[in-house]
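Please open the model in a viewer and keep the sequence panel beside it. The stops below are meant to be followed in order, one selection at a time.

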Amino acid sequence: MTDTVYLNGELIAKNQAKISILDRGFLFSDGIYEVIPVYSSAPFRLEQHLSRLQYCLDQLSIPNPHSNIEWKNIIRTLIERNGGGHLSIYMHITRGVGLDRNHIGGESLSPTVLVMASPLTINEQAIQTTTATLLEDTRWHHCDIKSVALLSNVMLRNQAEQLGHGEALLHRNGVITEGSTSNIFIVKHREVYTPKQSNLILGGITRDVIIELAENAGLRLHQENISKEQLLNADEVWISSSTREISPVTQIDDKIIGNGEIGPVAKALHSEFQTFKKSLIQD
Ligand code: PDD
């Protein structure tokens, strides 16, 4: 049961949690969020998630309402109150509640803080593959900010769903950026490629873990532009995120990727990922 949420200092039932209609998050999407995976009650890469949260707040000049110690306590309490185990923690911070609807202002507001938990449905035994559609990236130019303004992401993800696919892979003028809810990797001749960090992609925490694991495994990893053609002709394609870990993409629209099966590099890194997770839980 994941029924308890944290809202502005209080632990309350999810269906009792309310915010003001004047909240700038509600009116303007003036806020940011984080999603943190929790394995066996232990948050994964918490420091990195909290630093990305700080980066995003800084981009919007929203003061961080809590110190890292306070955040850790809130998250720990929420994990306990929601039964522990494997969870996904959702953190949502907006600039706060204004006096009226007004684009400008908001400097002296007290940020609204919501933290929720939901079950993390990851099958650690079997690698979860998916298929994707390739769509034009219609998002804004600050995709490095984990903004709650997700309208384009939602439209793209729904378009993929309607076409029967599990993700929308995105490109700008033929250059691949990321997925609508994930980062992207490709493999060609056993070398790994992922788009370099820029304002056009989110600096995924899972992406960073995969880069580390790939380099530790002695794989050559390139952070550079990937074209549509390179994507479609790759030996392997995978997406990564906190809620999907490493998920191989076996087909993009009508094009089968590689031989349509889970590739050897994805298999090896998935296994490294599981070992790495377990090593942290035992610490
Ligand atoms: N999304 N790119 C986008 C656009 C994303 O929405 C996400 C994750 C990622 C991967 O980031 P990370 O590895 O830190 O989860 C990349 C989360 C899971 C979400 O919106 O629910």
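Predicted model: local features only at pLDDT ≥ 70, side-chain atom pairs only at ≥ 80, totals over all residues.

Does K277 count as buried or exposed, and at what relative accessibility? K277 counts as buried, because its relative accessibility is 2%; buried means under 20% relative accessible area, exposed over 50%, and partly exposed in between, with a 1.4 Å probe and protein chains only.

Residues are numbered from 1 along each chain as its sequence is written, and side-chain values use heavy atoms, with hydrogens and water left out.

**Stop 1: salt bridges**

E124 lies in the loop between β6 and β7 (130-136) and K277 in helix α7 (residues 264-282), so the pair ties together parts that are 153 residues apart in sequence. Helices (H or I, at least four residues) and strands (E, at least two) are DSSP runs, numbered from the N terminus. E124 counts as partly exposed, at 26% relative accessibility.

The structure holds 14 salt bridges. For another of them, select R95 and D30, whose side chains meet at 2.6 Å, N to O. This pair links distant parts of the chain, 65 residues apart: R95 is in the loop between β5 and β6, and D30 is in the loop between α1 and β3. Both partners count as buried, R95 at 13% relative accessibility and D30 at 10%.

Next, select E161 and R157, a salt bridge whose closest N and O atoms are 3.0 Å apart. Both residues belong to helix α4 (residues 151-162), where they are four residues apart and therefore separated by about one helical turn. E161 is partly exposed, with a relative accessible area of 47%, and R157 is partly exposed as well, at 22%.

**Stop 2**

Now display the strands. Six of them form an open sheet in the order β2-β1-β6-β5-β3-β4, with antiparallel pairing; two strands pair if DSSP finds at least two bridges between them. The edge strands, each pairing on one side only, are β2 (10-13) and β4 (42-43).

Select strand β5 (residues 87-94). Seven of its eight residues are buried, so β5 is largely enclosed by the rest of the structure. Strand β3 (residues 31-39) pairs with β5 in the antiparallel sense over eight bridges, and Y33 stands opposite H92 in β5. Strand β6 (residues 112-119) also pairs with β5 in the antiparallel sense, over eight bridges; here T94 stands opposite T112 in β6. Then move to β3 and β4, which run antiparallel and are joined by two bridges, with Y39 opposite A42 in β4.

**Stop 2: two helices**

Select helix α3 (residues 68-81). Its 14 residues reach 20 Å from the first C-alpha to the last, close to the 20 Å expected at 1.5 Å a residue; the expected span is 1.5 Å times one less than the number of residues. The buried residues of α3 are W71, I74, I75, L78 and I79. They cover an arc of only 135 degrees around the axis, which puts them on the same side of α3; the arc is that of the directions from the helix axis to the C-beta atoms. On the other side of α3, I69 and E80 are exposed. G83, which follows α3, has a positive phi near 90 degrees.

Continue to helix α5 (residues 205-216), whose twelve residues reach 17 Å from the first C-alpha to the last, close to the 16 Å expected at 1.5 Å a residue. Its buried residues include I205, R207, V209 and L213. G218 follows α5, and its phi is positive, near 80 degrees.

**Stop 3**

Finally, select F26, which lies in helix α1 (residues 24-28). F26 counts as exposed, at 55% relative accessibility.

Note on methods:
Salt bridge = Lys/Arg side-chain N within 4 Å of Asp/Glu carboxyl O.
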